[in-house]
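The model under study is shown first.

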Amino acid sequence: MKKTCLKLMVTMVLVLMVSAPSCWAKEKGYCYIVSYSLQEKTAYITPVFVASVSGATYSEEEFVADVVLIRKMEEQFQKYLAGQGMNDADFVTSARVAYRSQAIADKRMANEKKDFTGKGFTVKDANRFTFKN
């Protein structure tokens, strides 16, 4: 009886260990980063990339993204700017996170580029930036 109970308990623990992480799986959110300098009238925009985000939503277009992920993205991009020889303190960096599809992120990014251009900024693509999740 003790062996059967022990086997049952071990089996239950193994099932929970294997199945629980898949239940906690995160969604793919499509993101990009914008960094602009009022002094230089320049805006850098990254290509759209994928990051893991929670499956929670607050609109039809976006997932909820946590602050830790946002800060991680912004920090990596500020390091990228510093590596390009720019003073990252001159730039306002903001991550645009957790869009539910590539098409939504592309549309938002195109609108943002258009807005910056309309305000007299030079928009530069930061194509060499890669986000490490």
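I worked from a predicted model, in which local features need pLDDT of at least 70 and side-chain atom pairs count only at pLDDT 80 or more, while totals for chains, interfaces and linings use all residues. Residues are numbered from 1 along each chain as its sequence is written, and side-chain values use heavy atoms, with hydrogens and water left out.

Entry 1, core. I looked up nonpolar cores, meaning sets of buried Ala, Val, Leu, Ile, Met, Phe, Trp, Tyr and Cys residues joined through side-chain atoms within 4.5 Å. Buried is under 20% relative accessible area, exposed over 50%, and partly exposed in between (1.4 Å probe, protein chains only). The largest core holds 21 residues, and Met73, Phe77 and Phe129 touch the most other members. At least two residues each come from β1 (27-37), β3 (49-53), α2 (67-83) and β4 (92-99); helices (H or I, at least four residues) and strands (E, at least two) are DSSP runs numbered from the N terminus. The most, 5 residues, come from α2. Apart from this core I noted another of 12 residues, including Tyr32 and Val48.

I found Glu74 in helix α2. Glu74 is buried, at 11% relative accessible area. Beyond four places in sequence, Glu74 contacts (heavy atoms within 4.5 Å) Thr93, Ser94 and Ala95.

I located Glu62 in the loop between β3 and α2. Glu62 is also buried, at 14%. Its side chain makes a polar contact with the side chain of Arg108 (3.4 Å); such a contact is a pair of N or O atoms within 3.5 Å, where within protein one must be able to donate a hydrogen and the other to accept it, and residues adjacent in sequence count only if both atoms are side-chain atoms.
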